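Thanks for making the time this morning.

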Amino acid sequence: MRISKPYLRSTSIQCYLCLLLNSHFLAEAGIHVFIFGCISAGLPKTEANWHDVINDLKIIEDLIKSIHIDSTLYTESDAHPNCKVTAMKCFLLELRVLLHESRNMDINETVQNLIIVANSSLSSKGQNVKESGCKECEELEEKNITEFLQSFVHIVQMFINSP
């Protein structure tokens, strides 16, 4: 199964662009462009979006069907739209629990990718605000991994459908 890493999509294009620019600038400026371009090629991209998160969740769901994971995770199943950022942060924290409990490399890589993409999407939309009146993670009901993933998709859809 191929695991997509949307935060690394345009790396080769940036490297080629840097080499092209460097061939035209033989002065010190060209070297700086080349170095900064190469550094930026390895940084996470903010173009990642919530649809990529849903794709990763579907991959995790498919992988979990093939192995047995007996995890219960704090799950926000009825989040108010004003608490979606808090709920998302709880889901991301619980994904780290899944990382520790799973010995499957495909799941671990997909979970790590999902965490990066979701955090990037949160910060790129300016949605790292503190919401009040929302349940803390530990106040949520613990549910099995299947219900957790279904609720996670629901929260992501709140982000997709919001203006």
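**Helices, loops and a pocket**

Let me begin with helix H6, which has 17 residues and reaches 24 Å from its first C-alpha to its last, close to the 24 Å expected at 1.5 Å a residue; the expected span here is 1.5 Å times one less than the number of residues in the helix. Helices (H or I, at least four residues) and strands (E, at least two) are DSSP runs, numbered from the N terminus.

Before going further, the provenance: this is a predicted model, in which local features need pLDDT of at least 70, side-chain atom pairs count only at pLDDT 80 or more, and totals for chains, interfaces and linings use all residues. Residues are numbered from 1 along each chain as its sequence is written, and side-chain values use heavy atoms, with hydrogens and water left out.

As for confidence, pLDDT is the predictor's own confidence in each residue, on a scale from 0 to 100. The chain averages a pLDDT of 79, and 67% of the residues score at least 70. Among the elements of the chain, helix H1 (residues 11-24) has the lowest mean pLDDT, 55, whereas strand S2 (residues 141-144) has the highest, 95. Where pLDDT is low, the predicted coordinates should not be read in detail.

Now the overall layout. The secondary structure comes to 6 helices and 2 strands, and, read along the sequence, the pattern is α-α-α-β-α-α-β-α. Of the 163 residues of the chain, 42% count as buried, where buried means under 20% relative accessible area, exposed over 50%, and partly exposed in between, with a 1.4 Å probe and protein chains only. Taking contact to mean heavy atoms within 4.5 Å, among contacts between residues at least 6 apart in sequence, 84% join residues at least 24 apart.

Returning to H6, its buried residues include Phe-148, Leu-149, Phe-152, Val-156 and Phe-159, and what covers the buried residues of H6 includes H3, S1, H4, H5 and S2.

Which helices do the buried residues of H5 pack against? They pack against helix H3 (50-66), helix H4 (84-101) and helix H6 (145-161). Among the buried residues of H5 are Ile-107, Val-111, Leu-114 and Leu-122, and also Asn-108 and Asn-113. The 20 residues of H5 (residues 105-124) should span 28 Å at 1.5 Å a residue, and the end C-alpha atoms of H5 are 28 Å apart, which agrees.

H4 gives a similar check, since its 18 residues should span 26 Å at 1.5 Å a residue and its end C-alpha atoms are 26 Å apart, which agrees. What covers the buried residues of H4 includes H3, strand S1 (72-75), H5 and H6. One of the residues in helix H4 is Lys-84, and Lys-84 counts as buried because its relative accessibility is 12%. Lys-84 and Val-156 are 72 residues apart in sequence and 8.6 Å apart in space, C-alpha to C-alpha.

Let me turn to the loops. Ser-71 is in the loop between H3 and S1 and is buried, with a relative accessible area of 4%. Leaving aside its neighbours within four places in sequence, Ser-71 is in contact with Glu-101, Lys-143, Asn-144 and Ile-145.

Beyond its neighbours within four places in sequence, Cys-83 is in contact with Glu-131, Gly-133 and Cys-134, and the C-alpha atoms of Cys-83 and Lys-135, 52 residues apart along the chain, are separated by 8.3 Å.

Lys-130 lies in the loop between H5 and S2 and counts as exposed, at 72% relative accessibility. Lys-130 and Cys-83 are 47 residues apart in sequence and 9.2 Å apart in space, C-alpha to C-alpha.

Finally, the pocket. On a 1 Å grid over the protein atoms alone, a pocket is an open set of points with protein on both sides within 12 Å along at least five of seven lines, and lining residues have an atom within 4 Å of a point. Grid points are joined across faces, edges and corners, and a volume is the space filled by probe spheres set on the points. About 160 Å³ of space lies in the largest pocket, which is lined by 14 residues, of which Thr-86, Lys-89, Lys-130, Glu-131 and Glu-136 lie nearest its centre.

Key: On a 1 Å grid over the protein atoms alone, a cavity is a set of points where a 1.4 Å probe fits but cannot get out, and a pocket is an open set with protein on both sides within 12 Å along at least five of seven lines; lining residues have an atom within 4 Å of a point.
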